[in-house]
Amino acid sequence: MMHLLVIFLAAAFTENILLARFLGMCSFLAISRQLKTSIGLGFAVVFVTTFTAALNWLLHTYVMVPLGIEFLELIVFIVVIAAFVQLVEMIIERFSPSLYFSLGIFLPLITVNCAILGVSLFMLNKEGFRFWESLVFGFGSGVGWLLAIVLMAGIREQIKEDKIPPGLRGSGITLIITGIIALAFVAFSGMIK
Amino acid sequence: MTFLIAVGSLVAICGILAVLLVIADRYLNDYGICKLIINKGAREEEVEGGSTLLNSLNSAGIFIPSACGGQGSCGLCKLKVHAGGPPVLPTEEPHLSADEVSSHVRLCCQLKVHEDMELEIPEELFNIREFNGTVESLTDLNHDIKRLRVALPAGEELDIIPGQYIQIETPAYKKTPEPVYRAYSIATDPLDKTHIDLVIRLVPGGICTTYVFEHMQTGQPIKLNGPYGDFRLTDTGKEMVFIAGGSGMAPFLSMLAHMKNEHSDRKVSYFFGARSKRDLICLEEMAAFEEALPNFKFIPCLSEPMPDDDWSGETGLVTDVMKRHCPDLSNMEAYLCGSPGMCDASVAALTANGMPEENIFFDKFA
């Protein structure tokens, strides 16, 4: 149990997929202008990373390894993520309109979010996790991404009225702030050996 | 061997996922027949649920203007949804003001029909229809502008308000893999209800204009839908200034024909900007309008007349000529048609001579 908690904390804080690995930057830069929408997108990412991590782990372990086709993982993972996102979008739209209107419209954006693919690749190749570990790792990474985008949106709402030099407005200042937050996150590294 | 296994399993995985999605689409995306109640029951349409409101209305024969084709980028397809719509989506927010949100204005390309809906659609949009016309003639007006005259199908009539525009379809050809629609102002006399005239200038590399200039034949079928737009003459009776060059003349041909039919004696000055004499168009028609309308003046202005043009008329930028002719614009109205750059320059020149911005009406084409 302790072991799973460590994986979660590592994925969410010390190894934060966005702040330590800088994956998933494009939607992070584009959607972090408002707190409300970034929370929506963040939760959609948490949801999709968790489930695609599990799905890809099963597919990898029970189909690709026995057949000896691990080298196809990149393409298979992308296809699985895309199909899963489509499916989830349809299910949410049908059964929970209110959830659909807060999350659903962000789902297509997630198909091309590299953080999701990164989670699936890291859990197998870098860490060699087992099933539950992968599930927790996926969830933790998603939470980490949510944390990063919500932090950023909060800051961007605060500085909306500030006088920023013209050349730095928009993604310029956002990248600088991202760097500073990433530095702050280094402090977490003492937490987990 | 590995190669075969790899290809085989990849195909199998993709196939399974595709089948899964098709099944899901079949069962999850089925919302049955939904009722669209329009303008408090003045009209009711039954459509199959699951698709966007814009497409559902299209299939019911109600054409809502949309320049971007439903991507949510042009913001033209606004209408009021009183019941059956979800809360305002983040994709709509950039296009809606606070007033519009509180009066239930929505972008109908972003909403999906999941249940019965109550809508409010401006009456004039019911007049928008789709036609299968025939190219009647294609005439050169000058070296890069043609007049396209389309005959509507026998028995069909179209009522237009001068200033409105219509969309024509360019079928798939070597420049485009799928049909595209482009909007052009209608240049027809509103009394002629069985024809549509368009003034089309060749845009180098343009999909639609290249098709019209290089591939279109008289007698061939052509698809149109319209009319759209709220660019039109006011009925204030105030003195008017028209500014447009090139193919921007189209809406004014229709407006002037309408004024002629009404025997209007409203004062109008039309400033037509061109580079040199070879860019001028429709001079005889303008002369005929000057004869028929007592208070109409056509003032062509050449910015760079060529030496052999033998030009005795106005020279200089059309905005400067207009400023010289009309020193006080405070009680006049202006009508502009042209590129955003030309419209913006004209607005600046007009306001500089005292015209209030609410008296300026324009039809910007991108």
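Trainee: How many residues does the contact take from chain A and from chain B?
Mentor: This is a predicted model. Two residues are in contact if their C-beta atoms lie within 7 Å. On that basis, the contact takes from chain A 18 residues and from chain B 19 residues.

Trainee: Which helix of chain A gives the most to the side that touches chain B?
Mentor: The elements giving two or more residues to this side of chain A are helix 3 (35-67), helix 4 (73-95) and helix 5 (97-102) of chain A. By class, the side has 14 nonpolar, three polar and one charged residues. With nine residues, the most comes from helix 4 of chain A.

Trainee: Are helix 3 and helix 8 of chain A roughly parallel or antiparallel to each other?
Mentor: Helix 3 of chain A packs with helix 8 (residues 131-158) of chain A at an angle of about 165 degrees, and their axes are 8 Å apart. Their crossing is right-handed. In their contact, the residues divide into 19 nonpolar, nine polar and one charged. Angles over 145 degrees count as roughly antiparallel, and therefore helix 3 and helix 8 of chain A are roughly antiparallel.

Trainee: Are helix 1 and helix 8 of chain A roughly parallel or antiparallel to each other?
Mentor: Helix 1 (residues 2-14) of chain A packs with helix 8 of chain A at an angle of about 30 degrees, with axes 7 Å apart. Angles under 35 degrees count as roughly parallel. Helix 1 and helix 8 of chain A are therefore roughly parallel.

Trainee: How many nonpolar residues does the contact of helix 1 with helix 8 of chain A have?
Mentor: Residues of helix 1 of chain A, including Leu4(A), Ile7(A) and Phe8(A), meet residues of helix 8 of chain A, among them Trp132(A), Val136(A) and Leu147(A). By class, this contact has three polar residues, one charged, and nonpolar residues numbering 12.

Trainee: Which residues touch the most other members of the largest nonpolar core?
Mentor: The largest nonpolar core has 63 residues. Its largest share, seven residues, comes from helix 5 (residues 250-261) of chain B. Leaving aside residues up to four places away in sequence, Phe242(B) touches Phe252(B), Val268(B), Tyr270(B), Phe271(B) and Tyr335(B). The residues touching the most other members of the core are Phe242(B) and Phe271(B).

Trainee: How many residues does the second, separate core have?
Mentor: Met64(A), Ile116(A), Val119(A) and Met123(A) are included in this second core. It is separate, and its size is 50 residues.

Methods: Residues numbered from 1 in each chain as written. Chains lettered and ligands numbered in written order. Predicted model: local features only at pLDDT ≥ 70, side-chain atom pairs only at ≥ 80, totals over all residues. Core = buried A, V, L, I, M, F, W, Y, C linked by C-beta atoms within 7 Å. Buried ≥ 20, exposed ≤ 12 C-beta atoms within 10 Å, placed from the backbone. Helix = DSSP H or I, 4+ residues; strand = E, 2+ residues; numbered from the N terminus. Nonpolar A, V, L, I, M, F, W, Y, C, P; charged D, E, K, R; others polar. Axes fitted to C-alpha atoms, helices over the stretch in contact; angles between N-to-C directions. Parallel < 35°, antiparallel > 145°, perpendicular 65-115°, else oblique. Left-handed = near helix turned anticlockwise from the far one by under 90°.
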